[in-house]
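Biologist: I am new to this structure and would like to learn how to read it. Could we take a few features in turn?

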Amino acid sequence: MITDGENFPDALSGAPLAYALDAPILLSKRGSLPRAIMQVISELTPKKAVILGGTGAVPASVVDQLKTLGIQEFERLGGQNRFETAMLIANKLRSLNGVPDKAVIAYGKDFPDALAVASIAAEKGYPILLSERNSLPLDTQKALAGVAETIVVGGEGVISKQVFESLPGATRFGGADRFATANKITEMLGDHKAFYLANGRGFADALAGSVAAAKDGAEMLLVEQKKMQDGTRNILNANVSSDTVILGGEGVVGSDISNELSQ
C-alpha cells in the first residue's frame with residue numbers, strides 16, 4: 001500500500017485495509033519513491049499496489065516507478081477530499097469483511113487521534129472514518145450505512161457534542177490532549193500485550209508502524225521527543241512484561257525515553 005508520506009489525510013484511514021490485505025503501508029514523496037522504499041518493494045516483489053489518495057498525493061510518476069519494480073496491477077482509492085477517500089477505503093474494507101459491527105470516527109483535519117486508534121481498529125476490522133469538528137460529512141454518513149456502533153476518538157474540541165449525538169451507538173474516548181487520548185484508547189480498548197511508541201507531534205512513523213503494531217496485537221502510545229506523560233508511563237509500568245517497540249530514530253523519540261524503558 002502506497003500513500004503520501006508528506007501529508008497525512010489520505011493515509012489516516014489506511015491501517016485497517018492494509019491489515020486486511022496483509023500489506024505494509026509504504027510512504028512516498030510527492031514526486032518520487034524514496035530509495036529505501038524502492039529497496040523494500042524490490043525485496044517484497046509484490047504484484048499489486050493499492051494507492052491511497054489522488055494523483056495530487058501520489059502522482060503518475062510514482063506509479064511509473066512502481067511499474068519498473070515489477071508491479072503489474074494497481075488500485076487507487078482516492079476521492080475529491082479526505083472524507084471521500086476514507087469512505088472509499090471503508091467501502092473496500094467492507095467488500096472484504098462485510099458490514100462492520102463498529103466504525104471509528106476521528107477528526108479529519110489533524111492526525112494524532114486517528115493514529116492512536118489505528119492499530120486497534122486494524123486488528124478488529126473497524127474502518128476509520130473522518131469528521132469535521134461541527135458537522136458529519138456526507139461521505140462519512142454514507143460509509144456508516146448499516147453500522148450499529150461508533151467509537152469517537154478525541155474530545156469535544158475536535159468532535160463536537162452535536163456530531164457525537166448524531167452517530168449510531170456512539171462511545172467517546174477522549175483525553176485532555178493527544179497523549180491522554182491515546183492513553184484512554186489503550187486503557188479502554190486494548191489488551192496490553194505489547195506497545196508501540198511514536199512521536200505524537202508527527203504522523204509518519206506512527207502511520208507506517210500502525211499495521212505492524214496491529215500484527216503484533218499492540219497498542220500505539222504517543223510521546224514527546226524527550227519525555228512521556230505520566231499516564232503513558234503508568235500504562236507501561238503496569239504492563240512491564242509486555243514488549244515495547246519504539247518507532248523512529250532518536251531525533252523523534254530520544255534516548256531518554258529508550259533508556260527509561262530499558263531500566
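Biologist: Which residues does Thr-232 touch, not counting residues up to four places away in sequence?

Modeller: Contact means heavy atoms within 4.5 Å. By that rule Thr-232 touches Asn-183, Leu-221, Leu-222 and Val-223, leaving aside residues up to four places away in sequence. This is a predicted model, in which local features need pLDDT of at least 70 and side-chain atom pairs count only at pLDDT 80 or more, while totals for chains, interfaces and linings use all residues. Residues are numbered from 1 along each chain as its sequence is written, and side-chain values use heavy atoms, with hydrogens and water left out.

Biologist: Where is Thr-232 found, and is Thr-232 buried or exposed?

Modeller: Thr-232 is in helix α10, residues 230–238; helices (H or I, at least four residues) and strands (E, at least two) are DSSP runs, numbered from the N terminus. Buried means under 20% relative accessible area, exposed over 50%, and partly exposed in between, with a 1.4 Å probe and protein chains only. Thr-232 has a relative accessible area of 0%, so Thr-232 is buried.

Biologist: How is a pair of aromatic rings described?

Modeller: By the distance of the centres and the angle of the planes. Rings of Phe, Tyr and Trp (its six-membered ring) pair if their centres lie within 6.5 Å; planes under 30 degrees apart count as stacked, over 60 as edge-to-face and the rest as tilted. The count here is three aromatic pairs. One of them, Phe-8 with Phe-203, is edge-to-face, at 6.0 Å centre to centre and 65° between the planes. That pair links distant parts of the chain, 195 residues apart: Phe-8 is in the loop between β1 (2–4) and α1 (14–21), and Phe-203 in the loop between β9 (194–199) and α9 (204–215). Phe-8 is buried at 12% relative accessible area, and Phe-203 is buried at 14%.

Biologist: What is the geometry of Phe-111 and Phe-203?

Modeller: Their ring centres are 5.8 Å apart and their planes at 55°, so the pair is tilted. Phe-111, in the loop between β5 (102–107) and α5 (112–124), is 92 residues from Phe-203. Phe-8, Phe-111 and Phe-203 form one aromatic cluster.

Biologist: Which charged end sits over the ring of Phe-111?

Modeller: A charge sits over a ring if NZ of Lys or CZ of Arg is within 6 Å of the ring centre and within 35 degrees of the ring normal. For Phe-111 the charged end is that of Arg-178, 5.8 Å from the ring centre. Lys-215 lies over the face of Tyr-19, 4.6 Å from the ring centre.
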